[in-house]
Amino acid sequence: MGRAGERAVVLGAGMGGLLAAGALAGAFDRVTVIERDALPAGVAPRRAIPQGQHVHALLPAGQASLEQLLPGLTDELLAAGAIGHRPLQELRFMIGGHWLARADGGRDVLLASRPLLEGHVRRRVRALENVTIIDRCDALGLTGTAGGDRVTGVQVLRREPGSAAETLPADLVVAASGRGARVGAWLEALGHRRPAEERLPVDFAYASVALELPEGALGADKFVLIGARPGLARTLALAAQEGGRWLLTVGGYAGDHPPSDRERLLAFAATVAPPDVAHAIARATPLGDIAAYRFAANQRRFYERMANRPRALLPIGDALCAFNPIYGQGMTVAAREALALRDALRAGHDGLERRYLQAAATIVDDAWRLAAGADLAQPAVSGRRPLPVRLTNGYLGRLQAAAAHDETLAIAFIRVCGMLDRPQALLRPALAARVLRGARGRARSEHGTGVRRRELQLGAASTVVREAGPPNAREAVVFLHGNPGPAAEWEPLLATVGARWRAVAFDQPGFGDAVAPTGFPQTVEAHAAFIGHTLDTLGIERVHLVAHDLGGPWGLRWAADDPGRLASATLLNTGVLPGYRWHALARLWRTPRAGELFMATTTRAGFGLLLRRGQPQPLPRAAVDRMYAGFGARTRRAVLELYRSMSDVGAEGERLAQALRPLDRPALVLWGRHDPYVGVELADRQRRAFPHADVRVLDRSGHWPHLDASDTVAAALIDFLARHATPHERHRPEPHPLPL
Ligand SMILES: Cc1cc2nc3c(=O)[nH]c(=O)nc-3n(C[C@H](O)[C@H](O)[C@H](O)COP(=O)(O)OP(=O)(O)OC[C@H]3O[C@@H](n4cnc5c(N)ncnc54)[C@H](O)[C@@H]3O)c2cc1C
């Protein structure tokens, strides 16, 4: 490599700074790395890298780049205790709610703690004879030429008694000072503008603990990775580490943060983990304290777009772009940028900044597309979703579902996640055809969500039962729809809850696909009796009721008539309704002729407007379409009959509350604040039936919290059930716990 200058200064000795120093060493006489933290001599966590206590996955592409920069590093790390694992053989990976098919996912990839990785990289870089690392030394700012067109050095202050600020002259400065880098302010001081910035807030938080797992608890698996899934924006990583330890990291989006005390952390992990993993974690011995980390936003800075940027200043690593850590991209992107820096230096000093920043922008683009795209697939994350993002996420969702059964797709997907292939590789026609075939196959097998559907004959009546989880458990979470339903609206929650418990939903007579016997009286009592009959037929003895709208009066009437079977109640804008007075629309339905006229003239557009009433945010279009599709003549007639059969609903609510109160069952009450039909003042009144109810009002929700605040509802429900329901491995031991 040609000589580029006398001295380069690197700010920060994290992974980005160390790898940059390795890349610069061949082009400068001297490379000086400035680090404000006290650096340990060997392998140890350090204060300025709090992320070192959380799972750090090294992607296959990152491992290859590290090896190119520091040949022999992989073997050194293995000798120091790092563990090799074969992707998709010893890695169990759930994405978008689908376990990727087991397959030969390529060469061994290292599992190691961040201190081990960084410690060995630091040792190798320190050993380079023209590299000096000065720790306990703060970079305070930049010096530049009079016109500010070129950076000439760095002002630093050593953390030693009596030391004064000094200037280190430099022919090139590399800013590797992490996501909090103050380079923007330093540029302003030199008379430049800050680079433009893009942020995608995720309000994500991690909690981690090192564990000793019971021997062989996870079979051959060395790494379990579970991404957020529809309806549950929580994540989990459990990775084997050097020294026989395992590191557990759980995370949650948009304020649904993991707790930091052991018991509640385990309960949180159990809401995400499959039964064998939850069981292994529950039996594990903690090897230290729980560490927490909060990550506000993905954050990217566009230095390459700056019109008048100064020469001799280059950012790298998190200073350039910091991604949501759950995608494990940071170290890989930093290593690739270091390689890009080395290549740019090899091509000569003229135009170095442009060449490097363009190459780095391409590296960051790919990683950003993956991270931001996946974050935007989470309804809990707010942000603009332009058409290409929606289309890509739709396609990726189908691909992930198909990859649960198709090894070729699973391998293609994991290669992109591992940054071995660029994201566009997933659009190759041969793969797209497999996605399409997989999607068709899935349509036949109940949309690949794990929700099974079957028709259930009940004498002269029949209904369609949707079910997930263990089919024969006698304890079940039973979802009751209201007006107009149908039970299909519960499918995402069924899939989520079904990962741990038997979860069941069915259409009530007159609604959805249920067929009511001739003369079925549309009354609360008849619906309650129908619930009892269906549960008997399904062999369900102990019920965790989840009800919405009219499902509340029906389900609670059933519970009051058969009190021994109610284990808990989750009430979504429903329940006992003491003192309730009908809303305007109900009054209209209760009025003969006016109700019929209303029903006869309600179009899809009118129905849509009705469902917008009071909503702080519109309901998902697919949900509105589904409701309207179920709102045929039969259901419209049933609704009129039902509303006319109920006379004093407030007084009936009082009676029901008195019947249920002595049971004192656990209850979770979730109520959208903006419900125009069943006002939020009724939320607290549920305590008349459930004295110890956990009552929560959802500020950004209307009448359908499970549709417009689905993640919040799923998380609260799962936490509640984790406390009150029996997980299914206790119902039925699973001889082959792998969910494949
Ligand atoms: C919770 C969490 C989990 C993560 N998990 C993964 C993962 O699984 N896989 C992965 O590849 N990446 C992961 N990352 C990202 C990864 O840690 C970083 O992207 C990567 O290490 C590159 O960081 P960096 O060196 O640019 O910055 P940092 O690691 O933040 O290092 C910056 C260094 O600069 C020093 N510094 C800052 N300011 C100054 C100053 N003024 N003067 C002197 N020194 C200064 C700091 O002390 C620090 O040592 C994770 C990040 C977090 C937060």
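Which polar backbone atom is 3.0 Å from a nitrogen atom of the ligand? That of Ala 139. Before going on, some ground rules. This is a predicted model, where local features need pLDDT of at least 70, side-chain atom pairs count only at pLDDT 80 or more, and totals for chains, interfaces and linings use all residues. Residues are numbered from 1 along each chain as its sequence is written, and side-chain values use heavy atoms, with hydrogens and water left out.

Let's stay with the ligand. Gly 16 has a polar backbone atom 2.8 Å from a ligand oxygen. Gly 330 puts a backbone N or O atom 3.4 Å from an oxygen atom of the ligand. Taken alone, the ligand exposes 1,000 Å², and the protein buries 94% of that. Those areas come from the Shrake-Rupley method with a 1.4 Å probe; for residues, only the protein chains shown count as cover.

Now the shell. It holds 31 residues, and the closest are Glu 35, Ala 57, Arg 114, Asp 318 and Met 331. A residue qualifies as near if one of its heavy atoms lies within 4 Å of the molecule. By type, the shell has 13 nonpolar, twelve polar and six charged residues. Here Ala, Val, Leu, Ile, Met, Phe, Trp, Tyr, Cys and Pro are nonpolar, Asp, Glu, Lys and Arg are charged, and the others, Gly among them, are polar. Three elements each supply at least two shell residues: α1 (15–24), β8 (137–144) and α8 (330–346). Helices (H or I, at least four residues) and strands (E, at least two) are DSSP runs, numbered from the N terminus.

Next, strand β4, residues 91–95. Five of its five residues are buried. Buried means under 20% relative accessible area, exposed over 50%, and partly exposed in between, with a 1.4 Å probe and protein chains only. Leu 91, Phe 93 and Ile 95 point one way, Arg 92 and Met 94 the other.

What does β4 pair with? Strand β13 (residues 223–226) runs parallel to β4, joined by four bridges. Met 94 has Ile 226 as its bridge partner there. Strand β5 (residues 98–99) pairs with β4 in the antiparallel sense, over two bridges. Pairing takes at least two DSSP bridges between the strands. Ile 95 is bridged to His 98 in β5. β4 and β5 form a hairpin with two residues between them, and Gly 96 in the turn has a positive phi of about 60°.

On to Arg 234. This residue lies in strand β14 (residues 234–240). Is Arg 234 buried or exposed? Buried, because its relative accessible area is 1%. Its side chain makes two polar contacts to mention. One reaches the side chain of Thr 271 at 2.9 Å. Another, at 3.0 Å, reaches the side chain of Asp 719. A polar contact is a pair of N or O atoms within 3.5 Å; within protein, one must be able to donate a hydrogen and the other to accept it, and residues adjacent in sequence count only if both atoms are side-chain atoms. Leaving aside neighbours within four places in sequence, Arg 234 also contacts residues including Ile 226, Gly 252, Phe 268 and Ala 715. Contact means heavy atoms within 4.5 Å. Ile 226 is the β13 partner of Met 94.

Last, Asp 149, in the loop between β8 and β9 (151–158). Asp 149 counts as partly exposed because its relative accessibility is 48%. Its side chain joins that of Thr 145 in a polar contact of 2.5 Å. Beyond four places in sequence, Asp 149 is in contact with His 192, Pro 310 and Arg 311.
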